[in-house]
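Open the model in your viewer and keep the sequence panel beside it.

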Amino acid sequence: MRASSPTRSSRSASDVDEFTAWVRKHPSALSKFEEIAAKSRGKKIVMFMDYDGTLSPIVADPDTAYMSDAMRAAVREVAKTFPTAIVSGRCRDKVRNFVGLSDLYYAGSHGMDIKGPSSNPESALCQPASEFLPMIDEVYKTLVEKTKSTPGAKVENNKFCLSVHFRCVDEKRWNALGEQVKAVIKEYPKLKLTQGRKVLEIRPSIKWDKGKALEFLLESLGFANCGDVLPVYIGDDRTDEDAFKVLRKRGQGLGILVSKCPKDTNASYSLQDPTEVMEFLLRLVEWKRKSSSSSLMIRPRV
């Protein structure tokens, strides 16, 4: 568990060298913005973003992971400019309440609960794991009871998946908590256990993830087989790698990992934190509006 959830410490000289080498391979989306703009020229950009650690900071209590008003304003401008989706491990309703914007697509439970803008009654709805709801509720109640003995542990019901947060648990108790969760999940072979940043994730064992959600949304938007579409996916966690892999496999789109430390990733670019994410989003909107104005100005008269 510790390997996937490193504790914060000061960087040594070797750590700095490793990060510098990693950034050469996954350069900043801000420093390489002109390169990204060139790749985007003449393309229909579709935006996909994770929530925690991408649009909001990672906090001790997941119920208080609020995004700033400035970030909300930035996301609102992005949604006015491009088709936009939030793809999160959170319950769809919860992440929608955090974001507070209606003209977006929301994919909760790692993409297992998708709904389009509320202004569009015909918008896509996808819930491939509906049959697992009773099982998820049962496991949730069991885990809440079992983890009561571990101070700081928090079990979150994300409707089609569960999260066991251990950010506030004493590091000496991480392994014991992990074994406790494994013992419960062992009784449910149709569920699988994965790990993110100081969180254990319990999900149905179906072939569906954030990458599948990205593909579903592109198809719903009519972009499945379009050569002139450019999906841009920004995320910070292991579960976002499924979406980065899809973009690499398509040979079409840009993956941007949000991280302050080197990680194995299929993303092409990087940003360090939500503040840089917001700066990138605003620059992208500004670039799109300027390029659209320029194309209108040079359009020949008929």
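Buried residues make up 47% of its 302 residues. Here buried means under 20% relative accessible area, exposed means over 50%, and partly exposed lies in between, with a 1.4 Å probe and protein chains only. This is a predicted model: local features need pLDDT of at least 70, side-chain atom pairs count only at pLDDT 80 or more, and totals for chains, interfaces and linings use all residues. Residues are numbered from 1 along each chain as its sequence is written, and side-chain values use heavy atoms, without hydrogens and water.

Switch to cartoon. You will find nine helices and 12 strands. Helices (H or I, at least four residues) and strands (E, at least two) are DSSP runs, numbered from the N terminus. The radius of gyration is 20 Å, close to the 19 Å of the globule rule for 302 residues, so the protein is as compact as a globular protein of that length. That radius is taken over C-alpha atoms, and the rule is 2.2 Å times the number of residues to the power 0.38. Along the principal axes, the C-alpha atoms fill a box of roughly 75 × 55 × 35 Å.

**Stop 1**

Which strand order does the open sheet of eight strands have? Trace 5-4-3-2-1-10-11-12; the pairing is mixed. Now select the edges, strand 5 (125–126) and strand 12 (269–271), each of which pairs on one side only. Two strands count as paired if DSSP finds at least two bridges between them. Strands of a sheet pair through backbone hydrogen bonds, either parallel or antiparallel.

Select strand 1 (residues 44–49) and strand 2, which pair in the parallel sense over three bridges. Methionine 47 stands opposite threonine 84 in strand 2. Look for isoleucine 45 opposite leucine 230 in strand 10.

Show side chains on strand 2 (residues 84–87). Thr84 and Ile86 point one way, Ala85 and Val87 the other way, and all are buried.

**Stop 2: a loop in the sheet region**

Select serine 109, in the loop between strand 3 (105–108) and strand 4 (113–115). Serine 109 has a positive phi of about 50 degrees although it is not a glycine. Is serine 109 buried or exposed? It counts as buried, at 0% relative accessibility.

**Stop 3: the hairpin**

Move to strand 6 (residues 154–157) and strand 7 (residues 162–165). They pair in the antiparallel sense over four bridges. Glutamate 156 has serine 163 in strand 7 as its bridge partner. The two strands form a hairpin with four residues between them. In that turn, select lysine 159, whose phi is positive at about 75 degrees. Lysine 159 is not a glycine. It is partly exposed, with a relative accessible area of 30%.

**Stop 4: proline 204**

Finish in strand 9 (residues 199–204), where proline 204 lies. At 1% relative accessibility, proline 204 counts as buried. What is proline 204 in contact with, leaving aside its neighbours within four places in sequence? The list is Met112, Ala129, Phe132, Ile136, Phe160, Lys190, Leu191 and Lys192. Contact means heavy atoms within 4.5 Å. Lysine 190 is 14 residues from proline 204 in sequence, and 6.1 Å away in space, C-alpha to C-alpha.
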